Amino acid sequence: MASTEKAAELMLETGEFYTAQSLGKALSISANKASALLYNIRTTNKYKTVDTGVPNRTVKVVSIYGRKSSMRSLQNQALLFARPPMLANE
């Protein structure tokens with residue numbers, strides 16, 4: 001099950017603009033569920049976003065709680081190497 005936090009981390013890590021359809025495809029969920037996640041990301045204060053407005057809105061996550069790097073990249077920097085997929089909680 002995809003959560004708002006997981007979706008925001010993915011968006012922050014890639015640094016791309018997402019629509020409901022493209023986010024749904026990236027998370028393997030329906031576009032309706034992805035649309036709800038995008039709404040949560042846009043309206044919650046802990047996420048800083050940039051969006052293009054309607055029609056055809058696209059959203060990009062700029063920071064989470066002021067953090068501008070994804071957790072994965074911070075963990076890789078702390079370990080000095082990428083975490084093996086076997087050890088990642090994903």
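Is Arg42 buried, partly exposed or exposed? At 28% relative accessibility, Arg42 counts as partly exposed (buried means under 20% relative accessible area, exposed over 50%, partly exposed in between, with a 1.4 Å probe and protein chains only). This is a predicted model, in which local features need pLDDT of at least 70 and side-chain atom pairs count only at pLDDT 80 or more, while totals for chains, interfaces and linings use all residues. Residues are numbered from 1 along each chain as its sequence is written, and side-chain values use heavy atoms, with hydrogens and water left out.

**Salt bridges**

- The whole structure holds four salt bridges (a side-chain nitrogen of Lys or Arg within 4 Å of a carboxyl oxygen of Asp or Glu).
- Lys46 and Glu5 pair through their side chains at 2.9 Å, N to O.
- Lys46 sits in the loop between α3 (31–43) and β1 (47–51) and Glu5 in helix α1 (residues 4–14), so this pair ties together parts 41 residues apart in sequence. Helices (H or I, at least four residues) and strands (E, at least two) are DSSP runs, numbered from the N terminus.
- Lys46 is partly exposed at 23% relative accessibility, and Glu5 is partly exposed at 29%.
- Arg67 and Glu9 form another salt bridge, at 2.6 Å, N to O.
- Arg67 lies in the loop between β2 (59–64) and α4 (71–79) and Glu9 in helix α1, so the pair links parts 58 residues apart in sequence.
- Glu9 counts as buried, at 13% relative accessibility.

**The Arg42 network**

- Asp51 and Arg42 meet in a salt bridge at 3.8 Å, N to O.
- Salt bridges that share partners join Arg42, Asp51 and Arg57 into one network.
- Asp51 is partly exposed, at 36% relative accessibility.

**Thr58**

- Thr58 is placed in the loop between β1 and β2.
- Its relative accessibility is 17%, so Thr58 counts as buried.
- Neighbours within four places in sequence aside, Thr58 is in contact (heavy atoms within 4.5 Å) with Phe17, Tyr18, Thr19, Val50, Asp51 and Thr52.

**Packing of α1 and α2**

- The axes of α1 and helix α2 (residues 20–27) come within 11 Å and cross at roughly 100 degrees. Axes are lines fitted to C-alpha atoms, for helices over the stretch in contact, and angles run from 0 to 180 degrees between N-to-C directions.
- That makes α1 roughly perpendicular to α2 (65 to 115 degrees; under 35 is roughly parallel, over 145 roughly antiparallel, and the rest oblique).
- Ala7, Leu10 and Met11 of α1 make the contact with Leu23, Ala26 and Leu27 of α2.
- The residues of this contact divide into six nonpolar, no polar and no charged (Ala, Val, Leu, Ile, Met, Phe, Trp, Tyr, Cys and Pro count as nonpolar, Asp, Glu, Lys and Arg as charged, and the others, Gly among them, as polar).
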